Amino acid sequence: MSPRSVKVNSWNGWDPLRHVMVGRADGTMVQAPEPAVRRDFPDDGFPLGAYGRIPDEMTAAANEQLDGFAALLEGRGIRVERPEPIDFSQRVGTPEWTHNSMFGCMPPRDVLITVGNEMLEATMSYRSRWFEYLCYRPVLQKLFEADPDARWEAAPKPRLTDASYNTGFWDTYNQLPLEEKLDRVRRNDLALTEAEPLFDAADIARCGKDLFVQLSLVTNRSGADWLRRHFPDHRVHPVSFTNTHPLHIDATWVPLRPGLVLHNGERPAEPELTEYFKVNDWEVLEAVQPESWHHEARLSFCSPWLSVNMLSLDENTLCIEEREVRLADQLTAYGFEMIPVPFRAAAPFGGGLHCATWDIEREGTLQDYFPRRHGRF
Ligand code: ABU
């Protein structure tokens with residue numbers, strides 16, 4: 001890497017993309033059960049409590065699509081980095097806990113976020129993902145050496161003792177009536193307690209000076225508060241949506257370019273959040289329904305709303321999963337060039353095209369896209 005050519009810089013998700021990481025599927029696990037994670041895939045060889053490597057043929061198919069996506073980006077002149085997978089089947093631990101497996105490194109978006117010239121490692125909130133940053137460290141180190149202005153930060157490593165989790169959350173939550181679940185979501189009384197700051201980077205949507213942080217199954221209020229204090233020159237907004245299983249904001253509320261946010265209408269936003277966008281002249285566009293997934297969601301913990309989990313190459317160009325034809329048509333009518341990418345096989349490894357990437361450099365500077373205040377925003 002020539003020092004002159006590398007610049008860590010990204011303030012939003014739509015400025016022209018110059019440098020990006022694309023994850024790898026190698027060795028990804030169906031995680032061992034832990035307080036915040038319960039996998040239950042009885043029809044696919046992993047009933048409740050079972051854990052182990054995702055079958056080789058699925059991993060090979062996912063890697064083929066990830067490699068193809070990386071080649072597509074390189075073909076458009078975008079520099080691509082890849083993580084270094086480690087043995088995710090190993091038992092891990094700290095002095096306070098041990099756990100029977102790790103997860104994988106297909107979705108670097110969950111762990112890493114760039115804000116300006118800062119590369120920030122999230123706390124993460126699953127024990128199986130505590131050490132995932134190790135896969136990204138070789139690239140972080142290389143970027144740190146290549147760009148003398150890059151800042152490299154890691155949020156406080158969480159303790160993740162039992163005090164960080166609501167005991168027995170998954171034993172009861174799924175049996176609750178819908179309204180009770182939604183009430184828990186509104187109060188962010190989910191799998192995590194407030195014992196320490198916890199967040200996944202993929203719960204943050206970047207819009208220049210405004211950072212929207214979804215409170216979720218993996219991000220608590222304390223995590224959002226840590227981000228507010230860490231980015232004092234930004235407006236950091238904790239937000240929640242009417243979604244019984246909130247997990248990362250990038251399949252729910254997707255800013256596409258200044259003035260246009262794509263919204264998953266099955267997960268309504270708080271009226272105050274919608275109004276904040278509207279009083280600042282943003283259009284809130286409800287995404288069309290995703291295409292059917294039939295049997296392709298095998299071993300996936302994500303929803304079909306990975307349809308909206310797109311990677312923006314600039315404010316007029318979006319990479320979209322190739323079968324999401326209706327959404328592609330909807331966005332073509334809004335003036336976007338839509339680039340279809342085969343990516344269904346990657347879903348069980350942690351998500352869609354946005355999840356599978358981490359923005360290292362986009363052109364552009366810090367802008368204020370929300371000059372008008374509204375309510376708590
Ligand atoms: N990590 C992407 C989350 C996908 C979903 O909401 O289904």
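By class, the lining of the largest cavity consists of 16 nonpolar, 6 polar and 3 charged residues, where Ala, Val, Leu, Ile, Met, Phe, Trp, Tyr, Cys and Pro count as nonpolar, Asp, Glu, Lys and Arg as charged, and the others, Gly among them, as polar. The model is a predicted one, in which local features need pLDDT of at least 70 and side-chain atom pairs count only at pLDDT 80 or more, while totals for chains, interfaces and linings use all residues. Residues are numbered from 1 along each chain as its sequence is written, and side-chain values use heavy atoms, with hydrogens and water left out.

A cavity is here a set of points, on a 1 Å grid over the protein atoms alone, where a 1.4 Å probe fits but cannot get out, and its lining residues have an atom within 4 Å of a point. Volumes are the space filled by probe spheres set on the points, which are joined across faces, edges and corners.

| Cavity | Volume |
|---|---|
| Largest cavity | about 290 Å³ |
| Second largest cavity | about 70 Å³ |

The largest cavity is lined by 25 residues, of which G13, I204, A205, P255 and H354 lie nearest its centre. At least two lining residues come from each of the strands β7 (112-115), β10 (204-207), β13 (253-257) and β16 (311-314), strands being DSSP runs of E of at least two residues and helices runs of H or I of at least four, numbered from the N terminus. Among the contributors, β13 gives the most, with 4 residues. The lining of the second largest cavity includes W293, E321, F343 and R344, and by class it has 5 nonpolar, 4 polar and 2 charged residues.

Turning to the sheet, 3 strands form an open, mixed arrangement in the order β4-β1-β19, with β4 (79-81) and β19 (357-362) as the edge strands, each pairing on one side only. Two strands pair if DSSP finds at least two bridges between them. Strand β1 (residues 17-22) runs parallel to β4, to which 3 bridges join it, whereas β1 and β19 pair in the antiparallel sense over 5 bridges. V20 has V80 as its bridge partner in β4 and D359 as its bridge partner in β19. Because 6 of the 6 residues of β19 are buried, this strand is largely enclosed by the rest of the structure, buried meaning under 20% relative accessible area with a 1.4 Å probe and protein chains only.

Note on methods. Buried means under 20% relative accessible area, exposed over 50%, partly exposed in between (1.4 Å probe, protein chains only). On a 1 Å grid over the protein atoms alone, a cavity is a set of points where a 1.4 Å probe fits but cannot get out, and a pocket is an open set with protein on both sides within 12 Å along at least five of seven lines; lining residues have an atom within 4 Å of a point.
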